[in-house]
Amino acid sequence: MGVSIISTRRGRGKRLATASVALVATLIASSGIAAGADVAPDVALKAALLYNFAKFAEWPGLPSGAPIAFCVVGDEGIAAALVQTVRGRNINGHMLEVARPQDSATWRACHLLFLADSEMRLATAGLEAIRALPVLTVSDGKDFSQAAGIIELYVEGGRMRFAINLDAADRSGLRLSSRLLGLAKIIRNVPPKTR
Amino acid sequence: MTMSIVRPLLATLFGLVALAAPCFSQSPKPNLSEMSIEDLMNIEIISASRKEQRAVDVAAAVFVITHDEIRRSGMTTIPDLLRLAPGVNVAQINSNKWGVSVRGFNAMYANKLLVLVDGRSIYNRIFSGVLWDTEDLMLDDIDRIEVIRGPGAAMWGANAVNAVINIVTKAAADTQGSLVRVDTGRAGEQAGVRYGGTLGAAQYRLYSQWSGRDQSLIAPGTRANDASHSVTTGFRADWTTQPDAFMVEGDFTAGQARALWPNLDPRTAAREPIANDPTDSQGGHLLGRWTRTRASGASLQVQSFVDIAGRQEPVGDYHRRAFDLDTQYHTSLGTRQDLVAGAGYRFNDEKFDGHVGLSLTPARSNSSLLTAFLQDEIGFLGNRLAVAFGSQVQYDSLAGAGVQPTARVIWKGFRRQRVWAATSRALRTPSLRERGIRVDFPPVPSGNGLPLFVSALGNPAARTEELVDVELGYRLEIGRAASIDVTGFGGRYSNLGTSETAAPLVQFVPSPQILVTSHVGNELDATTRGLEIAGQWAPLLALRFDGSYTAFHVAPHLSAASQDPISATADGNAPRTQWQLRATFSPVTRATVNAAMFHVGPLGQLRVSAYTRADVNAEWRFTSGLSVMASGQNLFDAAHAEFAGPQSLLLPTLVPRSASLRLRWAFR
């Protein structure tokens with residue numbers, strides 16, 4: 001049980017590495033990368049996907065000329081990105097609006113509802129109330145499908161993916177295009193992974 | 001690679017990553033809203049502007065090592081992967097053994113850390129530690145590793161004193177198709193195959209992996225003859241029949257590892273003070289889980305496992321059989337309360353037959369552990385403030401009853417910030433080794449010519465250690481793509497283990513000799529305090545930086561009656577500071593470059609120097625399923641020490657520089 005101590009060689013190598021780290025930090029701070037992007041990359045990606053989900057969904061009984069309402073709860077970043085994404089666009093002639101509802105009682109007026117993960121746990125009652133209504137519920141929270149949500153966004157292998165809970169979709173009365181279903185992981189009421 | 005090339009090369013690589021990034025950002029940004037869904041799904045994301053979302057709203061110091069981080073790190077062992085989290089002390093002891101702890105008190109068998117794999121504890125009661133060399137999971141099967149620092153006792157039970165590490169494997173549905181992975185290099189080799197398929201409504205996977213670790217070094221240029229190899233075969237199956245979900249998993253591992261042991265045989269010790277005999281280990285487990293979810297979101301989970309292990313070391317043979325049954329119920333009450341409650345039973349049958357010089361009394365012991373816990377989280381002020389109270393009570397047939405309460409509060413009123421605070425109590429029950437070990441060292445000549453016999457004894461009256469701590473945390477999202485997570489903590493430990501040495505005895509029977517005996521005591525109290533800061537910044541989809549800084553300080557308070565002078569200056573065998581900086585960059589869709597630097601401060605009492613570890617790797621993806629990764633690890637020094645001293649009964653060695661090549665091929 002002897003104590004064998006071999007002191008590591010300090011010196012040039014480590015100072016060089018520390019200096020290069022400092023260099024990296026300065027370069028990045030001064031290059032204005034952060035200033036260059038308005039929106040964080042994956043937030044823009046999620047907003048673009050939400051817009052696309054609405055393109056491939058059908059709300060029964062939606063009168064022509066009526067606007068499609070995107071509701072975003074708990075994520076100002078995605079709300080802002082969505083406002084930019086839908087600006088000047090329409091889906092099948094329907095104008096697009098983005099709202100940030102504070103009260104879950106108003107969710108029934110939404111066509112697509114995005115819930116941030118932080119809101120998921122407390123949203124159970126609100127989601128229950130709109131389960132049978134044609135509201136396309138989307139979240140990037142883990143296991144959203146078990147909270148009776150319809151589409152769950154997740155990252156796998158470095159790419160954005162989404163899972164669709166078919167039972168929740170059927171219950172809501174929405175029709176999702178086969179193109180969307182073909183790209184999704186299909187889930188049928190998977191219970192939660194706890195602990 | 002010679003030293004003169006490595007360091008400038010490393011600095012250049014870090015520089016390249018930074019310099020290339022501005023060029024990348026000036027190229028025309030794709031207009032995402034004009035892209036089709038298929039194209040959107042093909043965009044490679046290395047960064048997510050926020051990590052595991054759930055972690056943001058938890059009133060605890062949580063860090064999640066994601067599957068992607070595991071893949072990009074280029075690391076092949078779980079102890080190495082744990083370096084990615086802040087606050088974790090990882091010290092490689094020899095080629096196949098590690099000391100891993102959180103917030104101090106590191107040792108080969110660090111006893112204040114609870115480690116779970118899919119909810120199954122891999123903490124050993126006899127050693128009061130984790131046998132890392134028998135954990136041979138396929139890293140591709142790991143979905144995430146949750147590191148929850150601080151007393152997790154209220155949920156997880158005793159021995160979750162400093163942290164809980166939860167290794168969660170992927171559901172079988174996420175590992176479909178075939179996978180072949182081969183890793184070869186100077187530190188070791190690994191070859192694994194996995195097949196995942198469906199059978200009716202069930203998904204399953206079968207896998208088998210062979211791992212070999214090559215020798216480390218005793219001194220630069222001198223090998224330590226501590227190679228190891230193991231084979232693991234296992235499976236997992238999941239199936240759902242509304243509203244129930246079932247999971248079954250199991251594995252079997254067998255392996256052999258060499259290490260440098262002190263020779264305890266008095267007949268040969270003088271000639272060969274160091275023995276190099278192999279350790280054989282075998283073990284397997286079977287785990288089943290049933291979860292029922294109601295429409296309201298409430299869920300009931302019942303989990304059970306059996307675990308059998310055997311280990312034949314030069315110092316003795318060890319056998320264990322364990323059975324565990326655990327239930328957990330989770331529900332929300334109204335719109336403001338979230339309740340988790342559970343109960344569990346564990347039965348352990350352990351046996352240790354010591355060889356020459358080492359014995360355990362009693363050699364065999366059965367113990368039962370009954371636990372129950374409850375945690376209630378209540379929202380106030382429109383759920384902007386959440387207060388949680390919880391407690392775990394347990395009855396241990398060996399250590400008696402214990403209560404481990406916790407109180408936590410988090411303020412969620414700010415959109416981009418979270419503030420939380422927690423106070424908890426945690427207990428560590430004494431191990432069978434602390435109660436009943438006896439080690440007799442071979443005689444050594446003493447100063448005055450008489451042989452000196454040293455014996456180390458356990459103490460059947462060894463007491464339960466206790467921690468009461470306070471934590472304060474703050475999380476901030478900076479701009480759109482960066483976040484920082486700060487945790488400060490202070491703890492008070494009581495009844496920490498010491499080694500009480502009695503005054504030397506001169507004995508004349510059977511022949512003149514000096515006897516020195518020490519026994520386990522609990523005479524040390526200590527206060528600790530520390531700071532853990534973790535940050536991440538993802539300025540581009542394909543560029544990401546992660547970093548962390550950990551500061552830690554122990555103030556020991558040894559009782560006046562103690563005869564363990566070493567403990568008077570205990571420093572927890574953990575560095576006062578450690579930090580890491582990691583960068584990941586994907587210059588083109590098919591390639592990713594990762595660079596990481598880990599700095600670990602010196603271990604004062606063990607007299608281990610500080611070291612900086614630099615890892616670099618580059619991955620090239622030929623197709624979405626076929627990739628090659630070249631990596632270098634520990635690039636700064638040809639060899640360095642990470643641990644020393646008598647915390648284990650074997651000789652620590654030096655960690656060498658290494659390089660490896662990995663091929664990964666996934667196909668359907």
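In which strand of chain B does B:Phe323 lie? B:Phe323 is in β21, a strand of chain B that runs over residues 316–333. This is a predicted model, in which local features need pLDDT of at least 70, side-chain atom pairs count only at pLDDT 80 or more, and totals for chains, interfaces and linings use all residues. Residues are numbered from 1 along each chain as its sequence is written, chains are lettered from A in the order in which they are written, and side-chain values use heavy atoms, without hydrogens and water.

**View 1. A nonpolar surface patch on chain B includes B:Phe323.** The patch consists of B:Leu286, B:Val306, B:Phe323 and B:Leu325, with about 300 Å² of accessible area together (Shrake-Rupley method, 1.4 Å probe). Patch residues have over 30% relative accessible area and no salt bridge, and nonpolar side chains are joined within 5 Å; a salt bridge is a side-chain nitrogen of Lys or Arg within 4 Å of a carboxyl oxygen of Asp or Glu.

**View 2. A:Ser104 sits in a loop of chain A.** At a relative accessible area of 36%, A:Ser104 is partly exposed.

**View 3. A:Ser104 is shown with A:Ala81.** The two residues are 23 apart in sequence, and their C-alpha atoms are 22 Å apart in space.

Terms used. Helix = DSSP H or I, 4+ residues; strand = E, 2+ residues; numbered from the N terminus. Buried < 20%, exposed > 50% of the residue type's maximum accessible area, 1.4 Å probe, protein only. Patch = residues over 30% accessible without salt bridge, like charges linked within 9 Å, V, L, I, M, F, W, Y side chains within 5 Å.
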